[in-house]
Amino acid sequence: RKRERLISPYLKAGLYGTFGNFTEEERAVFNLRVKDQSRIAIAETLNMSVATVDRRIRDIKRKIYKII
């Protein structure tokens, strides 16, 4: 949680391009998540399961944590 609070302002400011190479799906999930969409709303919007959204979020965090 603490890491998320530290990097959140940078991500919301649009500096995510420097945080790893996101796949197309990861970028779509990321863009909706930084707009405060819930996991369920993201799943419905992108036509995927909540488990898949959770997996994409986990992968995104892993890539960001590698950088910081």
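Two residues are in contact when heavy atoms of theirs lie within 4.5 Å. In this predicted model, isoleucine 57 touches Val29, Arg33 and Arg39, leaving aside residues up to four places away in sequence.

The chain has 68 residues, and 28% of them count as buried. Its secondary structure consists of four helices and zero strands, which gives the pattern α-α-α-α along the sequence. Taking contacts between residues at least 6 apart in sequence, 52% join residues at least 24 apart. The accessible surface of the chain is about 4,800 Å², and carbon and sulfur atoms account for 50% of that surface.

In soluble globular proteins, nonpolar side chains tend to be buried together. Here the largest nonpolar core has eleven residues, namely Phe22, Val29, Phe30, Leu32, Ile42, Ala43, Met48, Val53, Ile57, Ile60 and Ile64.

Helix H4 provides the largest share of the core, four residues.

What does the structure hold by way of aromatic pairs? There is one. Phenylalanine 22 and phenylalanine 30 form this pair, with 5.4 Å from centre to centre and 50° between the planes. The pair counts as tilted because an angle under 30 degrees would be stacked and one over 60 edge-to-face.

Conventions: Residues numbered from 1 in each chain as written. Predicted model: local features only at pLDDT ≥ 70, side-chain atom pairs only at ≥ 80, totals over all residues. Heavy atoms only, no water. Phe/Tyr/Trp six-rings, centres within 6.5 Å; stacked < 30°, edge-to-face > 60°. Core = buried A, V, L, I, M, F, W, Y, C linked by side-chain atoms within 4.5 Å. Buried < 20%, exposed > 50% of the residue type's maximum accessible area, 1.4 Å probe, protein only. Helix = DSSP H or I, 4+ residues; strand = E, 2+ residues; numbered from the N terminus. Areas by Shrake-Rupley, 256 points an atom, 1.4 Å probe, with all protein chains shown as cover.
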